[in-house]
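Here are some friendly notes to read alongside the structure. Keep the 3D view open and find each place as you go.

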Amino acid sequence: MRQNKINQQIKKMHISQFYIAGINYKKTDASVRGLFAVNNDHYASVLQKAPDYFLDQLFILSTCNRTEIYGIAPCADSLVHLLCSETEGSVETFKELAYIKQGEEAIEHLFNVASGLDSQILGDYEIVGQIKQATRFAKEHGFVGAFLERMVNTVLQSSKAVKGQTALSGGTVSVSFAAIQFLMDNVTNVANKKILLLGTGKIGRNTCKNLVDYLHTTNITLINRTPDKAVELADELGLQYASFEDADKYIAEADIIIVATNAEQPVIMKADLESSNTKILIDLSIPNNIDPLAKELAHITLVNVDDLSKINDATLQKRQAEVPKAKAIIAEHIDEFTEWYSMRKNVPVLKAVKQKLQDMHACNLFMAMHPNLGENYTHHASSDSIQKVINNMALKMRQQRKPGCNYIEAINDFITSRVH
């Protein structure tokens, strides 16, 4: 029932009812973004509450660099209050730091995000998988109707075209690779260093492969709360693994620690490091999974995603030159989507006119008024004629918004085509 209701709403809605409310790296640091991070449990709770806020179509994009809620809403406040009902951060803090976009501006924002134009590292393509996951989750819970589904599909097509037709994502630059770049620039004799990687999800897995490929070391121990993932990756790359229960021991022994878990609280505290050897710690998690106060210790070097994203090398400069090409591709796809939306609104009118013409054809009075149609006026010929009239009407409605005039013209066209 909910899905049918959602699919019907597009006939009534206006594109200006589509909003996005979000915060990202541009105005907030990692600690603040962590207050508004949304995991799957939060996400499910948000969707469960959504009808209470008069919301039927929405999805949430929560990554290390942003938390954004997209939806069809009576106003942006509905989205903001719903989101913040499940986050540690308050509505007041969110509003102070947030950007609100509406209608075409909101649509363009999503296209830019999916293409890597709005990423903290220009051209970062990991966001596409996160968009797919976010919308899939919302759809499974019945909160993606015709409007959002078509928009997201077009967004993904645009992103794919940008990746395939430009060099915006060229070279190897991402947060996970930036961690490797940092180590290459700041650590000598890295092959002799003991490296501990906590967390072997997608980011941890990518980081691990980069460690092996670019630092040419296998002196790496993997730990994951679910051991199977760590064991599988360790076997694949010829590394070591340890149980989560032994993490303290390996934290104490490591020279380099990279954390990429999804914990809601830090897994390494300042107190854990006060008596340790000199270490480099890299926190790839949002919210912070390493206590930021650890940076106060003289023997500890701690960097997080914000620090890593400041890398600006020749690869990024080359990507910057591709921005105009990417924007041109995005513009084409936005035009395609807005044309679909415009025509979608006309579907009820076109169906009504088609039914009217079919009723006229079946009417005995109409046949009596035009006896010259004769026996050749078959049902099949009439159906073809009606469809041609409807196609012509659809074309005119796309070119000029005069539904009343188009309706009258369609009836006249039908009568004329039958008489002649």
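1. Let us begin with the pocket. Keep in mind that you are looking at a predicted model. Which helix gives the most to the lining of the largest pocket? Helix 7 does, with five residues. Helix 2 (30-35), helix 3 (40-49), strand 2 (57-62), helix 7 (127-140) and helix 10 (202-215) each supply at least two residues of that lining.

2. Now for the space itself. Rolling a probe the size of a water molecule over the atoms shows where empty space is left. In this model, the largest pocket holds about 1,300 Å³ of space. Its lining is made of 46 residues, and the closest to the pocket centre are Asn 39, Ser 62, Thr 261, Asn 262 and Ile 286. Sorted by type, the lining has 19 nonpolar residues, 19 polar ones and eight charged ones.

3. Step back to see the whole chain. You can look for 19 helices and 10 strands in the protein chain. There are 420 residues, and 51% of them count as buried. Among contacts with a separation of 6 or more, 73% are between residues 24 or more positions apart. The accessible surface of the chain comes to about 20,300 Å², and carbon and sulfur atoms account for 50% of that surface.

4. Next, the charged pairs. Side chains of opposite charge can pair when their charged atoms come close. How many salt bridges does a search of the whole structure find? The search finds 14.

5. Please look at Lys 49 and Glu 86, whose side chains meet in a salt bridge with an N to O distance of 2.8 Å. This pair links distant parts of the chain: Lys 49 sits in helix 3, while Glu 86 is in the loop between helix 4 (76-84) and helix 5 (91-97), 37 residues apart. Are these two partners buried or exposed? Lys 49 is partly exposed, with a relative accessible area of 28%. Glu 86 has 19% relative accessibility and therefore counts as buried, because buried means under 20%.

6. A second pair to find is Lys 209 with Glu 236, a salt bridge of 3.6 Å, N to O. Lys 209 counts as partly exposed at 30% relative accessibility, and Glu 236 counts as partly exposed at 42%.

7. Then turn to Asp 307 and Lys 295, which form a salt bridge with their closest N and O atoms 3.6 Å apart. Here too, the pair links distant parts of the chain: Asp 307 is in helix 14 (residues 305-308), and Lys 295 is in the loop between strand 9 (279-283) and strand 10 (300-304), 12 residues apart. Asp 307 is partly exposed, with a relative accessible area of 28%, and Lys 295 is partly exposed as well, with 45%. Elsewhere, salt bridges that share partners join Lys 26, Arg 66, Glu 68 and Asp 118 into one network.

8. One last stop is Ala 328, which you will find in helix 16 (residues 323-362). Ala 328 has a relative accessible area of 41% and is partly exposed. Where does the chain bring Val 162 relative to Ala 328? Their C-alpha atoms are separated by 9.3 Å, although the two residues are 166 residues apart along the chain.

Methods: Residues are numbered from 1 along each chain as its sequence is written. This is a predicted model: local features need pLDDT of at least 70, side-chain atom pairs count only at pLDDT 80 or more; totals for chains, interfaces and linings use all residues. Side-chain values use heavy atoms; hydrogens and water are left out. On a 1 Å grid over the protein atoms alone, a cavity is a set of points where a 1.4 Å probe fits but cannot get out, and a pocket is an open set with protein on both sides within 12 Å along at least five of seven lines; lining residues have an atom within 4 Å of a point. Grid points are joined across faces, edges and corners, and a volume is the space filled by probe spheres set on the points. Helices (H or I, at least four residues) and strands (E, at least two) are DSSP runs, numbered from the N terminus. Ala, Val, Leu, Ile, Met, Phe, Trp, Tyr, Cys and Pro count as nonpolar, Asp, Glu, Lys and Arg as charged, and the others, Gly among them, as polar. Buried means under 20% relative accessible area, exposed over 50%, partly exposed in between (1.4 Å probe, protein chains only). Contact means heavy atoms within 4.5 Å. Accessible areas come from the Shrake-Rupley method with a 1.4 Å probe; for residues, only the protein chains shown count as cover. A salt bridge is a side-chain nitrogen of Lys or Arg within 4 Å of a carboxyl oxygen of Asp or Glu.
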